[in-house]
Every structure is written in structure tokens, then in C-alpha cells.
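Subject: Structure for your review

Dear colleague,

Please find the sequence and structure below. A summary of what was found follows them.

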Amino acid sequence: MVRFIVLALFHHTELYDAFERENTAYLKAFNERRPDMAANIRFYYVSFVPDDTAGISGDEVVVDETAHRITMRGTESWCPGLLTKTMRALAHVNDASKYDFQYDYVIRTNASSFINLEGFYNELTAFDSSHSRATAEHKYVTMGSEYTVTSKNDSYGLNDRTMQVYSGTTFLHGVCIVMNAAVVKLLCDNKHCINYSVVDDVELGRVFEALSLSRTSCPHGIFKNDLKGRILFMGNAHDPLVYCNNRFKHDRSIDLHNFNDVATRFIRALIR
């Protein structure tokens, strides 16, 4: 048995509110039909609220279990917004005095990516049971699609100056970064080393490398990309779909349509 938290970065727009509605219907079906499994999982949309929002103080992080939300004051941006959301949410769940759900893993994803929670739970359980407890306590990152920084991108904070440091950095794609509890604690303990001027997944990759964290794959291998369907499979195409990255940049309505199709498919599988 494993226990994990999903942190999905989110901001309120007509499009992302639609993604949230579709996924909330899936979460409701999952919690009703798989209550024993659901008891070991927490799913949150992590979002900013305006600085003048009543009821939330400057550095406060508010958790709403019913609405599946973690909220904090802040301003939306690639840099430092995404990394700020990530680190403040991680710091909150890492603080036992503020958060009482004990977890083995945190999955950092985004609101337009669909996760089959039952499949993900089974994958993490298989991975965890294949390792001794001593090994499981090592500081590792378990799953994700790896990339290497090779070119500049000003929107991500990768300019001529920063590329002198970040060129060649290996990082886990931000749509699915899976960390065990030891990694979360290590990041929080080293938060003073975080560079918020660089986009979140690249900066986390740099920090992971600086802290000499090894990356261990799940027993069924890494994600495989079905380019035609823009679907990421864990294992092979014959396995049940575990994770779906919806990112057709030219028309996000296609992403929403695909998300709806996948969510509906798993809702039907749960209630049949």
C-alpha cells in the first residue's frame, strides 16, 4: 500500500475551469467507487488568489479538502509563479504541524493532464513493493519524461547568462514530476538554494543534480509517447492508460475534448 498526493498547478480561466469540472466528475466517481484506495490519495488544484483576498494572510496556504484545493496569495506567471506554487505547496504538505496526511510520494502535475488514479496507485504500489524499505527511503525521483536543456527560452528564464549554468541540465518534464517524501523534505530543507527566475521543472532538475539525487524507474519502464494521440503511456500501449498529457498548443479546445474523452472513459469504467 502506498499513499500519495497529487499537486496540479491551476489558474482560473474559462479553459482551465472546464478541465477542473471534467476532472472533478472523475474524482467524485473514483472516491465513491474506490473508497479504500481513495483514502490513500489526496488530489489538490494549486492556485493563486489576488493579494487583497480576504481570509488569507500574506504567506498562508489554505487547504480545502472538499473542493480539492490549495490556495495562496500570488500573481500568475511562468517565473516565478509556477515554482512559487510548487514550493509553497510542498512546504505545506511537508510540515507535519500543519498537514496531517502522511504520504510516500508527491506527483506534481498540471490541470490539463489526466491521471488514472487507480492505475497510478497500482504502479506506485508495484514499484514500492519491489524495493526494500531501506532502498525506498533513499532520495530518488521515480517517474517522468526526461529532457535536457539545449537552447534558450526567455519565457522560461533561460537567457544568455543563465544558459551558462543550465545548459546540459537534465530535468523531468513538469507535467509529471514524481518525488518520494524524502525528496520533498530535501527540497524544503534546501529552499534557500532555489532560483525562482528559471521555470520550475528546469530549476528542480538543476537542484536534483546539485543534490546528487538518483533517478529510479518503475518496474514497467518509462513513459512512452503515442505521438498521434498525444497520450503518454506508462509501460506499453497494451497496459491500461495511466497518464495523459494534453498539450496541443495550437488549439487548446482539442486538449479539452481529449481530456473529456479520457475522463468519461474512466468514469464509465468505474461505474459499470
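The second largest pocket holds about 320 Å³ of space. On a 1 Å grid over the protein atoms alone, a pocket is an open set of points where a 1.4 Å probe fits, with protein on both sides within 12 Å along at least five of seven lines; grid points are joined across faces, edges and corners, and the volume is the space filled by probe spheres set on the points. Of its 13 lining residues, Met87, Arg88, Ala91, His92 and Lys191 are the closest to the centre, where lining means having an atom within 4 Å of a point. Helix α3 (residues 78-94) supplies the largest share of this lining, five residues. By type, the lining comprises five nonpolar, two polar and six charged residues; Ala, Val, Leu, Ile, Met, Phe, Trp, Tyr, Cys and Pro count as nonpolar, Asp, Glu, Lys and Arg as charged, and the others, Gly among them, as polar.

As to provenance, this is a predicted model, in which local features need pLDDT of at least 70 and side-chain atom pairs count only at pLDDT 80 or more, while totals for chains, interfaces and linings use all residues. Residues are numbered from 1 along each chain as its sequence is written, and side-chain values use heavy atoms, with hydrogens and water left out. Helices (H or I, at least four residues) and strands (E, at least two) are DSSP runs, numbered from the N terminus.

The largest nonpolar core has 40 residues, and Ile5, Leu7, Leu90, Val106, Met179, Leu187 and Val202 have the most contacts inside it. Helix α3 gives the most to this core, with six residues. A core is a set of buried Ala, Val, Leu, Ile, Met, Phe, Trp, Tyr and Cys residues joined through side-chain atoms within 4.5 Å; buried means under 20% relative accessible area, exposed over 50%, and partly exposed in between (1.4 Å probe, protein chains only). A second, separate core of 37 residues includes Ala8, Ile41, Ala111 and Leu117.

Ile115, in strand β6 (residues 113-115), is buried, with a relative accessible area of 4%. Its C-alpha atom is separated by 4.7 Å from that of Tyr243, 128 residues apart along the chain. Val63, in strand β3 (residues 61-64), counts as partly exposed at 27% relative accessibility. Leaving aside neighbours within four places in sequence, Val63 is in contact (heavy atoms within 4.5 Å) with Tyr44, Arg69, Ile70 and His92.

Yours sincerely
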